[in-house]
Amino acid sequence: MASFQTLPGFRECYPEDLALRSHLFRRWRQAAGVFGFAEYDAPVLEPLDLYRAKSGSEIEAQLFSFTDKGGREVALRPEMTPTVCRLVGARANTLRRPIKWFSIGEFFRYERMQKGRGRCFHQFNADIFGEAGPEAEIELIALLVQCFAAFGLTADDFYIRLSDRNLWFYYLEALGLDEPRARTVLTVVDRYEKNGDAAFTAYTDAFGPLPEDLKARILAFLGVKSLPALEAMLAPLGAEKLAARLAEWRQVLTALDAMGWGSFVTVDLGVVRGLAYYTGFVFEAFDRRGDLRALAGGGRYDNLVKKLGGPDLPAVGFAIGDMTFSLLLEQRGLLPPLVSAPDVYCVIGGAAERLMAFREIHALRAAGVRVEYPLRDLAFGKQFKAAAESGARLALILGGDELARGVVKVRNLGQRSEVEVPRDAVVAHVRDFLAGNG
Ligand code: HAM
């Protein structure tokens, strides 16, 4: 049997699992719809070159890649961002701006398996192209919060850590670091949460030890948790770029406050994101208890469309992963009962009645009522047991006596009450009942 098991990190999806996943997708799709995002889709298999040097070394190392029968180097997509840049880039001239797009799809990364991380997973991606100002960030962070709030999650359950690669570069420049040194510091910051002080070896290896006063200022920047604290720390540096950037920070946070989403967003410069293409604001969503890995991540990537052969087109986006998100809903008891019960179960007298029953069964199904019936002739007792176990609210009893009189019995399985209904009135009766008028 061993050779027929799933590959490590790949998930099978039994109906109850799929019911949960579809529930997530439905709500995310609905949120994207009300925000005016249009849905797109794209291939899961892409040329390997699409990811080389674009996604960042971590994702590159995790690619599921191989050579196809035509000798092409290909990879299963580890993320959507390069693909959507290609799609938008190819039609940039004809698309109405701002371009607001979303997708839901499956992605593959050869990762070490852990709670909330697999080798295949789904993401909801939302991106805006063609808007250079922080208005795009505002719209996307609002959508991200809405995608969570739609499930009843509150600011007690999750939060968004908002950071900014530009601000880091301006800050490090004001401290006297050149660009290569600043880039290395960002690598250190990316690993600092996980590795602590050991993260600084990346800097030491490249440029020698970081002077203690600089290290202290970097750690102080990492500790900032509010806009006033950020403003206070940056004011003495006096750089114009810093002041202009802080105005954009104020714009983002004030707008999210005005929407009522202020309490979901925390200033946190500890997030710089490992992906290679981010250029400005970056953000990640986490659960408040800190039990789970990142729930979502994104940011601005103004150079990627051009790098992939398209026009110069500013872009911002994010992706939510389904695995950690499902764990969060489960932890908070926010999974709805995802029942697939029929509305009506038909109890059928015998072979002769079955043919007559098909008329009711078909008419009800055509009217949108979920109907089940036993596929084989069964004793009444067994059928009633099956009706009760199915979770149906009504049983339709199509016995020989009733049908001969032109009626069927409709039994309310919850209340154990029963009425006789003329055959022609069954659909209206059942629909009335299901609509709550019965
Ligand atoms: P990312 O941070 O690599 O960003 O992934 C986004 C989310 O996908 C993560 O927060 C996590 O929930 C989920 N995820 C990532 N890897 C795995 C895995 N191995 N197993 C389960 N879930 C995972 C991106 O992918 C960017 N392309 C997002 C983006 C869109 N940026 C701009 N637009």
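Is R273 buried or exposed? In this predicted model, R273 counts as buried because its relative accessibility is 13%, and the cut-off for burial is under 20%. The residue sits in the loop between β8 (265-267) and β9 (281-287). R273 is not a glycine, yet its phi is positive, at about 70°. Most residues other than glycine have a negative phi. The side chain of R273 also reaches the ligand. One of its N or O atoms lies 2.8 Å from an oxygen atom of the ligand.

In one, a ligand nitrogen lies 2.6 Å from an N or O atom in the side chain of E111. In the other, a ligand nitrogen is 2.8 Å from a polar backbone atom of G118. The ligand on its own exposes 660 Å², and the protein buries 96% of that area.

The shell as a whole holds 27 residues. The closest to the ligand are E79, T81, E111, D127 and Y278. By residue type, the shell divides into eleven nonpolar, ten polar and six charged residues.

T81 counts as buried because its relative accessibility is 8%. Leaving aside residues up to four places away in sequence, T81 touches N125, Y277, Y301 and L304.

The loop between α3 and β5 (99-108) contains P98. A cis peptide bond joins P98 to R97, with omega at about -5°. Most peptide bonds are trans.

Helix α5 (residues 165-174) is mostly covered, with seven of its ten residues buried. Those buried residues are R165, N166, L167, W168, F169, Y171 and L172. What do the buried residues of α5 pack against? Their partners include two strands, β7 (158-164) and β9. The helices α6 (179-195), α8 (212-222), α9 (227-234) and α10 (240-258) are partners too. The N-terminal end of α5 is capped by D164. A side-chain oxygen of D164 lies 2.9 Å from the backbone nitrogen of N166. G176 follows α5, and its phi is positive, near 95°.

At the level of the whole chain, the domain assignment gives domain 1 (15-331) and domain 2 (344-437). Taken over C-alpha atoms, the centres of domain 1 and domain 2 are 53 Å apart.

R416 lies in the loop between β15 (407-412) and β16 (417-422). Is R416 buried or exposed? R416 is exposed because its relative accessible area is 73%, and the cut-off for exposure is over 50%. The phi of R416 is positive, at about 60°, although R416 is not a glycine. R273 likewise has a positive phi, about 70°, but R273 counts as buried.

Key: Residues are numbered from 1 along each chain as its sequence is written. This is a predicted model: local features need pLDDT of at least 70, side-chain atom pairs count only at pLDDT 80 or more; totals for chains, interfaces and linings use all residues. Side-chain values use heavy atoms; hydrogens and water are left out. A residue is near a molecule or strand if one of its heavy atoms lies within 4 Å of it. A polar contact is a pair of N or O atoms within 3.5 Å; within protein, one must be able to donate a hydrogen and the other to accept it, and residues adjacent in sequence count only if both atoms are side-chain atoms. Accessible areas come from the Shrake-Rupley method with a 1.4 Å probe; for residues, only the protein chains shown count as cover. Ala, Val, Leu, Ile, Met, Phe, Trp, Tyr, Cys and Pro count as nonpolar, Asp, Glu, Lys and Arg as charged, and the others, Gly among them, as polar. Buried means under 20% relative accessible area, exposed over 50%, partly exposed in between (1.4 Å probe, protein chains only). Contact means heavy atoms within 4.5 Å. Domain bounds come from an automatic or database domain assignment. Helices (H or I, at least four residues) and strands (E, at least two) are DSSP runs, numbered from the N terminus.
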